[in-house]
Amino acid sequence: MSSPAALEIDDVSKRFGTRWAVARLTYTLPAGRSLLLTGHNGSGKTTLLRMIATATFPTAGKISVFGRETKAHRSALRHEVALISHASHLYEDLSAAANLTLLAEFLGIDDAKQTARALLERVGLTARATSPVRQFSAGMRKRLSIARLLMKAPKLALFDEPFGELDPAGIEQMEALLRELQAGGTTIVLATHLVEQGLSLTQERLHLVDGRLVTP
Amino acid sequence: MKRLSLARAAWLVLQKDWQIEWRTRARMTALIFFSLSTLLLFSFAMGPDINALRAHAPGYLWLALLFASTLSLGESFRVEAENQALTGLVLAPVDPRAIFLGKVFGNASLLFGLSLVLLPVTVALYDVDLSRAPLQLLVVLFLGSLGISAPGIVYSAISANARARDVMLPLLLFPILVPLLLAAVSATRFTLMPDAQEQLPSWLKLLTAFDLIYLSVGFLVFPKVVEED
Amino acid sequence: MPSWAPLVMLAVVVAMIVTHVAVPAVRGWMWKVSAGLGVVMLVALLYFGLFWAPPEAFMSDVGRILYVHVPHVWMCLLAFTLNVGCAVAYLMKKSWRTDAIAEASAEVGVYFGACGVLMGSIWARPTWGVWWDWDPRLISTTVMLLAYVGYLALRSFTDDPERRATWSAASAILSYVSLPIVWFSVRWWNSLHQVQSSPSTVDKPMTAVLRWGATTFLCFLFVFIVKRYELARARQSGALELPPVQAPQVTA
């Protein structure tokens, strides 16, 4: 038996207000492959990623992740899918450590504090562990988001412009992280303007124009 | 990885809200002084007639709490709207019903704490007698705070994302709090003043019924509100 | 009126609306018949209410406002009941028709409620000597009215159709649940007040005219709701169609 496709998008449309952010999109990502998502600002990349992450659902059509439809299996899929987006999902008034510990506790990890500390060390934020996120720079927030993603150890990791707001060293570290995740068997969907970097990291490509699939 | 029970997840949400409250103590202090000045304004509006003030003290206390609640409820979801933290919770994943319970009890405990701060001030301003039935008074204050919070959290989640949110919350919330206000004010009155006809138990029952009804309705409806279908 | 009368009225208006929505053949003429019947019955109601019915024992001729005031409040509560039914149905199964009926019934309900409360206030002045009174019926109707004004404001302040439908449905359920609680709390608060008048305490001719009035305004309730429903559907239709499979123009 062949394993189900990592991602199956079946005639998906999504409306925002009176505008169609994604329109009649059909695409299949085979298992074991990673996807590069390209397109201009407002082409529907973020909306598509949010739909795959079960943060929102298609107005029409279906999305399946590892053979399970997102709307019906949202609670199971949320354990396996993680999203790094423009919105960091962090509590501004809590410290970096508190934000991570909270997630660890929700994930049911036994030694939440210890796990959080280890991950902070891994992303290089130990020195600022007790400062509230409000005082963090954009790059530090991104590191903290990465720690959140690593804690979840997802089967499918979604990245929305991960290279934005990073310095050259940060971009290199991010690339290394993406390679490492893939080597560990995680499927990656990467939305970025940096087509060069993106192409070197992924095997498939999907180009969106006004929410529609266009062959690049 | 184990799945969390609903109660445990709700408890974690509640702790998280307490932690944020503690980290932003300045905001809480502002809330306290806002309610204090509301109480003071009522006594100015009524004039120096101490008998009238004493008779109306329960009403002033609950109005001050009600006004403060619109601020605390709005704040409760402003924190969640920043960085789309609420989406982060839902995707974590946390059962939305646990988020509802955690936030309701978080906000209720905040209002209850606020009412405890306001009590000595009502003694000073309106000369009420707290020693008559202190335990019942605490029960009334808690049930009332819970009753404001249960529908309030649902409406706050709605209005946090709507346009004109500062107007929307009281516009939606105040009408349905009419029975709660009646029950809480009456019950408070009978803990502060002689209760000749034994009316307190029936008002307590009404308060409990209101809380239970809105906790269950909110429990069912809240997931629909926060999940973007 | 017997206690099942509201349920009968609700069943009748629901059946009529469902027929109108589901059967295209009746869509053209049913509302016209209902509107015509309503106008004829309204003219008759004027005669019955003003001349035929005997003056009320305590309130004399002022009491005649009852024949329009009471049916208005009934229609308002019927419309809100219909609205909350649609709200529950929408949350269980998403449907744009239920949402459109919900929108229509809320707006029509607010209209009837506002007229009813206004007339009640006019009636209260010469009868009780005040414009406003701690009457459970008056307070609960007013609270519902305020809650539904909030409901309409929420609808107009939310742009996304899905969110508007879901949020307003949630808000409708929370508001409607408060109706019995308000009623009981006001009754307890003011237990000295007069008991609710029912057919056993009012004259036979009065009951007959009240029923006539209720049927009259039931006709109008149906017409208003289905016309407002069609307007809501027309507004939805442009936004709800799926985009074409091919992009309208290929970008260069």
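**Note on the predicted model**

1. Chain A has 216 residues, for which a compact globule would have a radius of gyration near 17 Å; the value for chain A is 17 Å, which agrees. The radius is taken over C-alpha atoms, and the globule rule is 2.2 Å times the number of residues to the power 0.38. The C-alpha trace of chain A spans about 45 × 40 × 35 Å along its principal axes.

2. This is a predicted model, in which local features need pLDDT of at least 70 and side-chain atom pairs count only at pLDDT 80 or more, while totals for chains, interfaces and linings use all residues. Residues are numbered from 1 along each chain as its sequence is written, and chains are lettered from A and ligands numbered from 1 in the order in which they are written.

3. Chain A contains seven helices and 10 strands (DSSP runs numbered from the N terminus: helices are H or I with at least four residues, strands E with at least two). Of its 216 residues, 49% count as buried, that is, with 20 or more other C-beta atoms within 10 Å of their own, where C-beta atoms are placed from the backbone. Among contacts in chain A with a separation of 6 or more, 68% join residues 24 or more positions apart; two residues are in contact if their C-beta atoms, placed from the backbone, lie within 7 Å.

4. Eight residues of chain C are in contact with 11 residues of chain A. On the chain A side, strands S1 (7–16) and S2 (19–29) each supply at least two residues, and S2(A) gives the most, with three. This side of chain A comprises five nonpolar, three polar and three charged residues (nonpolar: Ala, Val, Leu, Ile, Met, Phe, Trp, Tyr, Cys and Pro; charged: Asp, Glu, Lys and Arg; polar: the others, Gly among them).

5. In chain B, the axes of helix H6 (residues 134–161) and helix H7 (residues 165–176) come within 9 Å and cross at roughly 155 degrees. Axes are lines fitted to C-alpha atoms, for helices over the stretch in contact, and angles run from 0 to 180 degrees between N-to-C directions. H6(B) and H7(B) are therefore roughly antiparallel to each other (angles over 145 degrees). Residues of H6(B) including B:Pro151 and B:Tyr155 meet residues of H7(B) including B:Leu169 and B:Leu172. The residues of this contact divide into eight nonpolar, three polar and one charged.

6. B:Val225 lies in helix H9 (residues 200–226) of chain B. B:Val225 counts as buried because it has 24 C-beta neighbours inside 10 Å. Not counting residues up to four places away in sequence, B:Val225 touches B:Val154, B:Ala157 and B:Ile158, together with C:Thr166, C:Trp167 and C:Ala170.

Note on methods: A residue is buried if 20 or more other C-beta atoms lie within 10 Å of its own, exposed if 12 or fewer, and partly exposed in between; C-beta atoms are placed from the backbone. Angles under 35 degrees count as roughly parallel, over 145 as roughly antiparallel, 65 to 115 as roughly perpendicular and the rest as oblique.
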